[in-house]
Amino acid sequence: DKLLKSDADFKQTYDGKEAKLVIAEVLPEDSGEYVCVAKNSAGEVETSCILTVKGQWHFLLVILFLKIK
């Protein structure tokens, strides 16, 4: 497991209701499982996805989206 930090390649945003992870340039080595975990006093929720990149990189891809109710 690796904790991602926002940088030029991986941008994480949270507006109080929606959490997003954007990968600026998606490369084959970015393939794998991505998990988003949200925690607060009411509890914890998570979502995940498997990203598979084949061939050339793609310019922009939003890969994980979590809506907090």
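Buried means under 20% relative accessible area, exposed over 50%, and partly exposed in between (1.4 Å probe, protein chains only). The model is predicted: local features need pLDDT of at least 70, side-chain atom pairs count only at pLDDT 80 or more, and totals for chains, interfaces and linings use all residues. Residues are numbered from 1 along each chain as its sequence is written, and side-chain values use heavy atoms, with hydrogens and water left out.

**Exercise 1.** State which elements the protein has and in what order.

Solution. Helices (H or I, at least four residues) and strands (E, at least two) are DSSP runs, numbered from the N terminus. The protein has five strands and zero helices. From the N terminus on, the order is β-β-β-β-β.

**Exercise 2.** Classify V53 as buried or exposed, and find its contacts.

Solution. Step one: V53 sits in the loop between β4 and β5 (61-67). Step two: its relative accessibility is 10%, so V53 counts as buried. Step three: contact means heavy atoms within 4.5 Å. Neighbours within four places in sequence set aside, V53 contacts V26, L27, P28 and S31. Step four: S31 is 22 residues from V53 along the chain, and their C-alpha atoms are 5.6 Å apart.

**Exercise 3.** Place E44 in the chain and classify E44 by accessibility.

Solution. Step one: strand β4 (residues 43-51) contains E44. Step two: the relative accessible area of E44 is 54%, so E44 is exposed.
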